[in-house]
Amino acid sequence: MTIENHAGSKTSDALSQLLRDPHQSNRHDIWLWLDLYLNEGAKLNPNTCNRPTMRDEIAKCLKQRANRILSIPSKKDRLLLLDERLGWIEEVNERQHKWLLARIEQLTGIRIPRELVHLEGKDHLVAMIDLWDIELETKAREVNSLREEWLRHVARDSAFEWFSDKKESKKRCTCAWEWLEKHHLRPHSRQLPISNYNELLMFFDHAALGRHEQKAMIQEIKKRWNRQQFDERNADKKQINVMLSKAVIAKLDELAKQHGLKRAQVIETLVRMEAETSAHLAST
């Protein structure tokens, strides 16, 4: 007997013969492996879950549980949504996966054991949904609600648009980390440093902040950034405080307005000129 797997190649294995099913689906195999392991106490090798040896491990188990084989198709039909219902979960999107994991765990009450180290990313999330034993119509509705919640969530990314600047994004995100580390995180926090825009978004995804609190934090980070930029532009300058009479200040402002300069620029120009010529101070 031959069957086609998702890669399009043809193979033959013991599981396809046991199930009398000409089709292979990695998703369905993961569900069946987990159902045997978690719900029926089968002694499967955890290292085989979502690995090339997974089907052989399932077949070995089912040979000892022949009565279980007949119930597999009906249970699969009862629990598994069509692939199209889950197509919005991306194959590679660390941010989405982390955001969904907490919500799916809370929604389903299912946690994948840590020893299943090969079950990651989308496969991990879909497996939890597939194991969730509720009416299929309810499951479809809840999954669609998750999808809509995710879309609403990423639509709010506009609040962080300032951090996505093409030229300065990395520096601005680093500035955000410096502010958060100093003003928001607890001492000895296990939060990893933020060095790019996606890491910044993931931090705020899980920060549990109100809209106004988040806005205030972003404003403080922008203030820190502006101070840093000012200091960099004026690295060769130092601020000093001087007392001037009101009359001199009025003349200073008049000169600044007349020449389109700032007060500091007028003073710096006058001091430089006097240093070069000694035209006035030498006679005092």
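Where is the place of arginine 20? The points below take that up first, then move to packing. Note that the model is predicted.

1. **Arginine 20.** Arginine 20 sits in the loop between helix H1 (14-19) and H2. Its phi is near 55°, a positive value in a residue other than glycine. With a relative accessible area of 74%, arginine 20 is exposed, because the cut-off for that class is over 50%.

2. **Alanine 208.** Here too phi is near 55°, and the residue is again something other than glycine. Alanine 208 lies in the loop between H10 and helix H11 (211-233). Its relative accessibility is 75%, so alanine 208 counts as exposed.

3. **Main core.** The largest nonpolar core has 42 residues. Trp33 and Leu34 have the most contacts inside it. At least two residues of this core come from each of helix H2 (26-39), helix H3 (54-62), helix H5 (72-79), helix H6 (94-108), helix H7 (121-131) and helix H8 (136-155). H2 gives the most, with 7 residues. As background, nonpolar side chains tend to be buried together in soluble globular proteins.

4. **Tryptophan 33.** Set aside the neighbours within four places in sequence. Tryptophan 33 is then in contact with Leu44, Asn45, Pro46, Thr48, Cys49, Met54, Glu57, Ile58 and Leu116.

5. **Second core.** A separate core has 20 residues. Cys175, Ala176, Trp179 and Leu209 are among them.

6. **H6 and H7.** These helices pack at an angle of about 15°, with their axes 10 Å apart. Angles under 35 degrees count as roughly parallel, so H6 is roughly parallel to H7. Their crossing is left-handed. On the H6 side, the contact is made by His97, Leu100, Leu101, Ile104, Glu105 and Thr108. H7 contributes Gly121, Lys122, His124, Leu125, Met128 and Ile129.

7. **H2 and H7.** H7 also meets H2: the axes come within 10 Å and cross at roughly 60°. That angle makes H2 oblique to H7. The crossing of H2 and H7 is right-handed. From H2, the contact uses Asn26, Arg27, Ile30, Trp31, Leu34, Asp35, Leu38 and Asn39. From H7, it uses Asp123, Val126, Ala127, Asp130 and Leu131.

8. **H9 and H10.** The axes of helix H9 (residues 169-183) and helix H10 (residues 197-205) come within 9 Å. They cross at roughly 35°, and the crossing is left-handed. Ser169, Cys173, Ala176 and Leu180 of H9 make the contact with Tyr197, Leu200 and Phe203 of H10.

9. **Aromatic pairs.** The structure holds 6 aromatic pairs. One of them joins tryptophan 162 and phenylalanine 163. The pair is edge-to-face, at 4.9 Å centre to centre and 85° between the planes. Phenylalanine 163 has 0% relative accessibility, so it counts as buried.

10. **Phenylalanine cluster.** Ring pairs link Phe160, Phe203 and Phe204 into a cluster. Phe203 also takes part in the contact between H9 and H10.

Conventions. Residues are numbered from 1 along each chain as its sequence is written. This is a predicted model: local features need pLDDT of at least 70, side-chain atom pairs count only at pLDDT 80 or more; totals for chains, interfaces and linings use all residues. Side-chain values use heavy atoms; hydrogens and water are left out. A nonpolar core is a set of buried Ala, Val, Leu, Ile, Met, Phe, Trp, Tyr and Cys residues joined through side-chain atoms within 4.5 Å. Buried means under 20% relative accessible area, exposed over 50%, partly exposed in between (1.4 Å probe, protein chains only). Helices (H or I, at least four residues) and strands (E, at least two) are DSSP runs, numbered from the N terminus. Contact means heavy atoms within 4.5 Å. Rings of Phe, Tyr and Trp (its six-membered ring) pair if their centres lie within 6.5 Å; planes under 30 degrees apart count as stacked, over 60 as edge-to-face and the rest as tilted. Axes are lines fitted to C-alpha atoms, for helices over the stretch in contact, and angles run from 0 to 180 degrees between N-to-C directions. Angles under 35 degrees count as roughly parallel, over 145 as roughly antiparallel, 65 to 115 as roughly perpendicular and the rest as oblique. A crossing is left-handed if the near helix is turned anticlockwise from the far one by less than a right angle, and right-handed if clockwise.
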